[in-house]
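Biologist: Can we walk through this one together? I would like to start with the pockets and then move on to the charged pairs.

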Amino acid sequence: MPGATVKFVQGDVSPVHAEMAAAAADRNLWIVGGGDLAGQFADAGLLDEVIVSVAPVTLGGGAPLLPRHLELRLEEVGRNGDFAAARYSVVR
């Protein structure tokens, strides 16, 4: 996005989340970095929903979306170009 601030950080996600939330001023936060990163936010109770886009690729073997168990509830299914997109809420 034009004018967007992009930062790379490491360590505990809780203080980073607080900084992100303050910068977002009540707007949505987008976490990019894979299943382990999303799982760290979930472990800290800071993940509200997961949006999964599926591309039509044939895999020789499957891998888990997240490297831990999360209880998810399907909220919406849609299409984004050639991708199927599913939005899940995280059940606490």
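Modeller: Fine. Strand 1 gives five residues to the lining of the second largest pocket, the most of any element. Keep in mind that this is a predicted model.

Biologist: Which other elements supply at least two residues of that lining?

Modeller: Helix 1 and helix 2 do, along with strand 1, which covers 49-54.

Biologist: How much space lies in that second largest pocket?

Modeller: About 830 Å³. Of the 25 residues lining the second largest pocket, L29, W30, I31, L47 and E49 are the closest to its centre.

Biologist: How does its lining divide into nonpolar, polar and charged?

Modeller: The lining of the second largest pocket has 15 nonpolar residues, six polar and four charged.

Biologist: And how much space is in the largest pocket?

Modeller: About 1,100 Å³. The largest pocket is lined by 25 residues, and T5, V6, K7, M20 and W30 lie nearest its centre. Two elements give two or more residues to this lining: helix 1 (13-24) and helix 2 (35-43).

Biologist: Which one gives the most to the largest pocket?

Modeller: Helix 1, with six residues. By class, the lining of the largest pocket holds 16 nonpolar, five polar and four charged residues.

Biologist: Changing topic. How many salt bridges does the count come to?

Modeller: Seven. One of them joins E49 and R87, with N to O at 3.0 Å. E49 is in strand 1 and R87 is in strand 3, so this pair ties together parts 38 residues apart in sequence.

Biologist: Why can side chains like that pair at all?

Modeller: Side chains of opposite charge can pair when their charged atoms come close.

Biologist: What does D36 form a salt bridge with?

Modeller: With R68, where the closest N and O atoms are 3.7 Å apart. D36 is in helix 2, while R68 is in the loop between strand 1 and strand 2, 32 residues apart. D36 has 42% relative accessibility, so it counts as partly exposed. R68 is also partly exposed, at 24%.

Biologist: Which residues are linked in a network with that pair?

Modeller: D43 joins D36 and R68 in a network of salt bridges.

Biologist: What about R73, which residue does it form a salt bridge with?

Modeller: E75, with the closest N and O atoms 2.9 Å apart. Both are partly exposed: R73 has a relative accessible area of 46%, and E75 is at 37%.

Biologist: Which side chain makes a polar contact with the side chain of E75?

Modeller: That of S89, at 2.7 Å. S89 is found in strand 3, residues 83-90.

Biologist: Why does S89 count as buried?

Modeller: Because its relative accessible area is 12%, and buried means under 20%.

Biologist: What does S89 touch, not counting residues up to four places away in sequence?

Modeller: S89 touches D48, E49, E71, L72, R73 and E75.

Biologist: Where is L72 found?

Modeller: In strand 2, residues 72-80. L72 is partly exposed, with 26% relative accessibility. Leaving aside neighbours within four places in sequence, L72 is in contact with V50, Y88, S89, V90 and V91.

Biologist: How far are the C-alpha atoms of L72 and R87 separated?

Modeller: By 9.4 Å, with the two residues 15 apart along the chain.

Terms used
Residues are numbered from 1 along each chain as its sequence is written. This is a predicted model: local features need pLDDT of at least 70, side-chain atom pairs count only at pLDDT 80 or more; totals for chains, interfaces and linings use all residues. Side-chain values use heavy atoms; hydrogens and water are left out. On a 1 Å grid over the protein atoms alone, a cavity is a set of points where a 1.4 Å probe fits but cannot get out, and a pocket is an open set with protein on both sides within 12 Å along at least five of seven lines; lining residues have an atom within 4 Å of a point. Grid points are joined across faces, edges and corners, and a volume is the space filled by probe spheres set on the points. Helices (H or I, at least four residues) and strands (E, at least two) are DSSP runs, numbered from the N terminus. Ala, Val, Leu, Ile, Met, Phe, Trp, Tyr, Cys and Pro count as nonpolar, Asp, Glu, Lys and Arg as charged, and the others, Gly among them, as polar. Buried means under 20% relative accessible area, exposed over 50%, partly exposed in between (1.4 Å probe, protein chains only). A polar contact is a pair of N or O atoms within 3.5 Å; within protein, one must be able to donate a hydrogen and the other to accept it, and residues adjacent in sequence count only if both atoms are side-chain atoms. Contact means heavy atoms within 4.5 Å. A salt bridge is a side-chain nitrogen of Lys or Arg within 4 Å of a carboxyl oxygen of Asp or Glu.
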